[in-house]
Amino acid sequence: MVLTEQELDWLQLAIEDNNKYHISVDNDCISIDECVDEENDEWDSVFVFNNYGQDLIVQLFNYIGCNANHV
């Protein structure tokens, strides 16, 4: 289970420009949102990860070099 190239690209954007992008975590969806109106703190979802919860956590741990799996 690995992150897709598209997921890695969006994740990198969110890391590099965390004033413009933030990550919204819900119980069944994780998305990257872009600031569309800073003055009114308005954000629009621009990308949704394929996985969430335990699946995404395992993917992220494996991406950073850990040997992670579901138990």
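Which residue in the turn between β2 and β3 has a positive phi?

First, the ground rules. This is a predicted model, in which local features need pLDDT of at least 70 and side-chain atom pairs count only at pLDDT 80 or more, while totals for chains, interfaces and linings use all residues. Residues are numbered from 1 along each chain as its sequence is written, and side-chain values use heavy atoms, with hydrogens and water left out.

Now the sheet. It is open, with 3 strands in the order β1-β2-β3 and antiparallel pairing. Here strands are DSSP runs of E with at least two residues, helices are runs of H or I with at least four, and both are numbered from the N terminus. Two strands pair if DSSP finds at least two bridges between them. The edge strands, β1 and β3, each pair on one side only. Ignoring direction, neighbouring strands are turned by 40° against each other on average; the axes behind such angles are lines fitted to C-alpha atoms, for helices over the stretch in contact, and angles run from 0 to 180 degrees between N-to-C directions.

Take the strand pairs in turn. β1, residues 21-26, is joined to β2, residues 29-37, by 6 bridges. Glu34 has Asp44 as its bridge partner in β3, and Asp37 has Glu42.

Back to the opening question. The hairpin of β2 and β3 has 4 residues between the strands, and the turn residue with the positive phi, about 50°, is Asp41. Why mention it? Most residues other than glycine have a negative phi. Asp41 is exposed, at 56% relative accessible area. The classes are buried under 20%, exposed over 50% and partly exposed in between, using a 1.4 Å probe and protein chains only.

Next, the helices. Helix α1, residues 5-16, lies across β1, β2 and β3 and runs at about 120° to β1; contact means heavy atoms within 4.5 Å. Helix α2, residues 53-63, contains Ile57, which is partly exposed at 46% relative accessibility.

Ile57 also belongs to a nonpolar surface patch of about 430 Å², made with Phe61, Tyr63 and Ile64. Patch residues have over 30% relative accessible area and no salt bridge, with nonpolar side chains (Val, Leu, Ile, Met, Phe, Trp, Tyr) joined within 5 Å and like charges within 9 Å. A salt bridge is a Lys or Arg side-chain nitrogen within 4 Å of an Asp or Glu carboxyl oxygen. Areas come from the Shrake-Rupley method with a 1.4 Å probe; for residues, only the protein chains shown count as cover.
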